[in-house]
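Subject: Structure handover

Hi,

Here is the structure I promised to pass on. Have a look at it first, and then read on for my notes.

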Amino acid sequence: GLFTKEIEEALLDGRIDLAVHSLKDLPTELPEGLTVASIPQREDARDALVGATLDGLAVGARVGTSSLRRAAQLRALRPDLAILDVRGNVDTRLRKQQEGQYDALVMASAGLTRLGLAAHIAAYLDPAEFLPAVAQGALAIETRDDGGAAWAACQAIQDLRATAEVSAERALLAGLGGGCQVPLGAHAIAHGSRLELRAVVVSPDGKRIIRKQAAGAIEDAARLGEEVARQFLASEARAIIEAAES
């Protein structure tokens, strides 16, 4: 919510008519009077490694990320790595890696691609073993919830496949309480009229990994997310989630 508060206040005050957000930064509950009017075509949802491939990193190599989810999954795959915190915008992070402060970085491939920096990507992390953040790679166009001209204009760029995918992922996050500190990865993929949702909860040390999935009709996207949330809450994942949010 810290990323979106001022922009949403401008929407409610009428100073702007629409806002473009990275959907993974947008809380699952919006302020009264606002709505997501459109979700355009989704960019690549995968995480990417900058500086080296995962197999190419030496024992003890320093990998930078500010994400609990990424750090936990890295520790699960490569417990020998040194996972270090990294801050700053994309350019700052890339500069720090190039200066030798980190041997590699884990970043969203979508952000690098949108900034014309995809050449820095050394390898993409396969969602089969390294799941991205909820709604990663997707944009959200937010407007006032009044059915007005701004809302109507946004319908022209609505992508139904992307909308279904992120609806499932965000319903899962909402079902777990909507907290951004949960070490949760999720990825929904639409195949024609069918939707498959896979998700993982990993303990911060990477030692406990709980995977869940569900599939169904694309129009049941939100229900699939809710179903996977229930699966997690009925499993040992509940303890990991509660510990992360305490």
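A word on exposure to begin with: buried means under 20% relative accessible area, exposed means over 50%, and partly exposed is in between (1.4 Å probe, protein chains only). Please keep in mind that this is a predicted model, where local features need pLDDT of at least 70, side-chain atom pairs count only at pLDDT 80 or more, and totals for chains, interfaces and linings use all residues. Residues are numbered from 1 along each chain as its sequence is written, and side-chain values use heavy atoms, with hydrogens and water left out.

Salt bridges

I took a salt bridge to be a side-chain nitrogen of Lys or Arg within 4 Å of a carboxyl oxygen of Asp or Glu. That rule gives 18 salt bridges. Asp13 and Arg15 pair up at 3.1 Å, N to O. Asp13 counts as exposed because its relative accessibility is 56%, and Arg15 is exposed too, at 57%. Asp220 and Arg223 also form a salt bridge, with 3.9 Å from N to O. Here Asp220 is partly exposed because its relative accessible area is 29%, and Arg223 is partly exposed at 37%.

The one I'd look at on screen is Arg42 with Glu169, where the closest N and O atoms are 3.0 Å apart. This pair links distant parts of the chain: Arg42 sits in the loop between β2 (34-38) and β3 (47-50), and Glu169 in helix α6 (residues 160-175), 127 residues apart. (Helices, H or I with at least four residues, and strands, E with at least two, are DSSP runs numbered from the N terminus.) Both Arg42 and Glu169 are buried. They also belong to a network of salt bridges that links Arg42, Arg161, Glu165 and Glu169.

Pockets

For these, a 1 Å grid was laid over the protein atoms alone; a pocket is an open set of points where a 1.4 Å probe fits, with protein on both sides within 12 Å along at least five of seven lines, and lining residues have an atom within 4 Å of a point. Grid points are joined across faces, edges and corners, and a volume is the space filled by probe spheres set on the points.

The largest pocket holds about 1,500 Å³. It has 41 lining residues, and Phe3, Lys24, Asp25, Arg70 and Ala133 are the closest to its centre. Two or more lining residues come from each of α2 (68-77), α3 (90-98), β6 (104-108), α4 and α6, and α4 gives the most, with four residues. By class, the lining has 20 nonpolar, 13 polar and eight charged residues. In that count Ala, Val, Leu, Ile, Met, Phe, Trp, Tyr, Cys and Pro are nonpolar, Asp, Glu, Lys and Arg are charged, and the others, Gly among them, are polar.

The second largest pocket has about 180 Å³ of space. Of its 13 lining residues, Arg42, Glu43, Arg161, Glu165 and His187 lie nearest the centre. The elements giving two or more residues to this lining are α6 and β9 (184-191). Its residues divide into four nonpolar, two polar and seven charged.

Which residues of α2 are buried? They are Arg69, Arg70, Ala71, Ala72, Gln73 and Leu74. Their cover includes β3, β4 (62-64), β5 (82-84), β6, β9 and β10 (194-202).

Gln136 lies in the loop between β7 (121-124) and β8 (139-144). Gln136 is buried because its relative accessible area is 1%. Its side chain makes a polar contact of 3.2 Å with that of Lys24; by polar contact I mean a pair of N or O atoms within 3.5 Å, where, within protein, one must be able to donate a hydrogen and the other to accept it, and residues adjacent in sequence count only if both atoms are side-chain atoms. The Gln136 side chain also reaches the backbone oxygen of Arg46 at 3.5 Å. Not counting residues up to four places away in sequence, Gln136 touches (heavy atoms within 4.5 Å) several residues, including Arg42, Arg70 and Glu169.

Arg114 is in helix α4 (residues 109-114) and is partly exposed, at 40% relative accessibility. A polar atom of its side chain lies 2.8 Å from the backbone oxygen of Gly137.

Cheers
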